[in-house]
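Biologist: Could we go through this model together, one part at a time? I would like to begin with the strands.

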Amino acid sequence: MHNPHWWRDAVIYQIYPRSFADADGDGMGDVTGIISRLGYLQSLNIDALWISPFYASPLHDGGYDVADYRRIDPRLGSVEEVKELLDQAHARNLKIFFDLVPNHTSIDHAWFQEVLNDPPGSPSWDRYMIREGKGSHRELPPNNWTSVFHGAGWTQLEHDGKPTGYWYLHIFDTSQPDLNWENPEVIEEFHSILRFWFDLGVDGFRIDVAHGLRKDPALPDVVLDQSNPDFDLYRPYWDQDSVHEVYQGWRAIANEYPDQRVFCGEAWVATEERLSLYLRSDELHTCFNFNYLQAGWDATKMHEVIDQTIATHAKVGAPPTWVLSNHDVIRHRTRLAPLVNGEPDLERGLDRARAATLFALSLPGSAYIYQGEELGLDEVTDLSPEVRQDPAWLRSGGTDGKRDGCRVPLPWDTSSESFGFSANGNSWLPQPAHWSELTIQAQSADPESTLNFYRRTLALRKAEPSLGEGSLQWLDAGNPEVLAFQRGETQTAVVSVINLGDDLVHLPTYLGTEVLATSSDAVAVLDTSDGQHVVIGGETAVWLRAK
Ligand code: TEU
């Protein structure tokens, strides 16, 4: 039966398509690869997939540089195959989000090619952020804006091989010119793109750089106030008030469809308050909550972020989202690992990652899982410079731009050269040898594996009426390094507990004595020596049945 509120507590699995499964053997994942693995995806007990861009692209930024929004990159598939994917996923009760990249196009997009061919001042130029340079020969950029991927944010346009004195803005790579969202043609075009994919049956969109579309029209220089911890987010091209008009227009289109179509914004903004503006009932349904991802392994910070998130989302009636990993950040097994002699301790990193995941999956709202985290994959930190493709790596001279390390293709089985990622052993990034122990095949057979931990946890989350949306009440666990809360108010309520400290903790009896789930089977025991109470290990989380 169709549930129009499915997205409010959905678990959404992110696929980075170039690295998921390669059916045609070219070393790059593809749409047919995803179709061939739908059985696996269903076995995870997730509700939906979000697929990072697979549109026609020169791949200067892994597909976040789109040359044609209505075509699939031929290396990854075709619109017909995507239709097949939608049909087969829907038949398995899985929803699908695509990824929309509205802040910029690729330089290969027909619109930017028109810019390159047309003389200065042509109407085609107004679709992008193009301005006259400064200096007597307009040889200097219009202002001091920089690229997120390092270096200047402006590049001078040439016409007939000569500098024009006009510069185009690229908040990301030079291959990603920013669109001019004041231009009605740009607005219309994206309305039409949304309808194109909604008509094909897509259930929703993740919106790339949702906070960046509108720029301060005066294009003032960036002035950073480093006394503010979030100073980097206060820039005249992030989170401008007028961006909300864009999403009001999009929401009206989504609402035209009788079954629910939804948006999830990627909005990096300074405060939860600012985030909640994107979530008003006539704008986006959800947004990623990066404050939680950034809270780290710190009880006080986690507690604070959870409270702020829930309170600000409640004001606008939107469900929060929880995310620990994605294709832009260091995998959370490595990120949360304590450093021992300067190196991450990956064993403890895995304990912490599983605990953080179990805890996050008990929070109210929806949750995101990034491909490979269900295998406990670690960040690949030793990729050689020749294989790296992150544009920020090149633009920073190798000091930043290490996002390839979380994009290494998935290990499926132990037998073949690319661990079954590709039929003939190809892989666009090399996989580390130790992943042979982390393959899906290896982990499927082991009930204690991270993969089976995810499957069990997600099945339980689905089955427990008090998890998903709803309220949360904090409980005192009697230890500053232990966080505990109850979901729901009935006898069937679940109590979720995480121990962020290193030591064993005897939990107070009133938290519950029936263990429903643990992040590590070795470390939650029922101690009956002095009445019944649960003992959990350091860096562990549990779900208990409320007393
Ligand atoms: O990421 C946006 C991005 O780069 C964020 O880091 C954000 O803009 C910045 O932190 C603001 O402070 C998205 C995609 O997820 C990424 O893969 C792309 O490279 C990028 O947009 C450009 O499309």
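Biologist: Which residue stands opposite Val505?

Modeller: In this predicted model, Val505 stands opposite Ile536 in E22. Strands here are DSSP runs of E with at least two residues, helices are runs of H or I with at least four, and both are numbered from the N terminus.

Biologist: How many bridges join E19 and strand E22?

Modeller: E19 and strand E22 (residues 533-536) pair in the antiparallel sense over two bridges. Two strands count as paired if DSSP finds at least two bridges between them.

Biologist: What is the order of the sheet that holds them?

Modeller: The order is E19-E22-E21, an open sheet of three strands with antiparallel pairing. Strand E19 (505-506) and strand E21 (524-527) each have a single partner strand, so one side of each edge strand has no neighbour in the sheet.

Biologist: And the five strands, in what order do they form a sheet?

Modeller: That open sheet runs E16-E17-E18-E23-E20, and the pairing is antiparallel. E16 and strand E20 (514-518) stand at its edges with a single partner each, so one side of each is left without a neighbour in the sheet. On average, neighbouring strands of this sheet are turned by 25° against each other, direction ignored. Axes are lines fitted to C-alpha atoms, for helices over the stretch in contact, and angles run from 0 to 180 degrees between N-to-C directions.

Biologist: Within it, how many bridges pair strand E17 with strand E18?

Modeller: Strand E17 (residues 482-487) and strand E18 (residues 494-499) pair over six bridges, in the antiparallel sense. Leu483 stands opposite Ile498 in E18. H9 packs on the sheet and touches E16, E17 and E18, and its direction makes about 155° with that of E16. Contact here means heavy atoms within 4.5 Å.

Biologist: Let us change topic to helix H3. What span should its 13 residues have?

Modeller: Helix H3 (residues 79-91) should span 18 Å at 1.5 Å a residue, and its end C-alpha atoms are 18 Å apart, which agrees. The expected span is 1.5 Å times one less than the number of residues.

Biologist: Which residues of H3 are buried?

Modeller: Val79, Val82, Leu85, Leu86 and Ala89 are buried in H3. They cover an arc of only 110° around the axis, which puts them on the same side of H3. The arc is that of the directions from the helix axis to the C-beta atoms. Buried means under 20% relative accessible area, exposed over 50%, and partly exposed in between, with a 1.4 Å probe and protein chains only.

Biologist: What do these buried residues pack against?

Modeller: The buried residues of H3 pack against several elements, including helix H1 (31-36), strand E4 (68-72) and helix H5 (184-200). The face of H3 turned away from its buried side carries the exposed residues Glu80 and Ala91. After H3 comes Asn93, whose phi is positive, near 70°.

Biologist: Now the charged residues. How many salt bridges does the count come to?

Modeller: The count comes to 33 salt bridges. A salt bridge is a side-chain nitrogen of Lys or Arg within 4 Å of a carboxyl oxygen of Asp or Glu. Side-chain values use heavy atoms, with hydrogens and water left out.

Biologist: With which residue does Glu469 form a salt bridge?

Modeller: Glu469 pairs with Arg8, the closest N and O atoms being 3.0 Å apart. Glu469 lies in the loop between helix H14 (450-463) and strand E16 (472-475) and Arg8 in the segment before strand E1 (11-15), so the pair ties together parts that are 461 residues apart in sequence. Glu469 is partly exposed, at 35% relative accessibility, whereas Arg8 is buried at 17%.

Biologist: What about Glu273 and Lys315, how far apart are their closest N and O atoms?

Modeller: Their closest N and O atoms are 3.0 Å apart in a salt bridge. This pair links distant parts of the chain, with Glu273 in helix H7 (residues 272-278) and Lys315 in helix H9 (residues 299-316), 42 residues apart. Glu273 is partly exposed, with a relative accessible area of 43%, and Lys315 is exposed at 62%.

Biologist: Which residues are linked in a network of salt bridges?

Modeller: The network links Asp61, Asp328, Asp390, Arg403 and Arg407.

Biologist: Finally, is Ser52 buried or exposed?

Modeller: Ser52 is buried, at 1% relative accessibility. Its place is the loop between E2 and strand E3 (55-56). Among the residues that Ser52 touches are Tyr16, Tyr64 and His327, not counting residues up to four places away in sequence.

Conventions: Residues numbered from 1 in each chain as written. Predicted model: local features only at pLDDT ≥ 70, side-chain atom pairs only at ≥ 80, totals over all residues.
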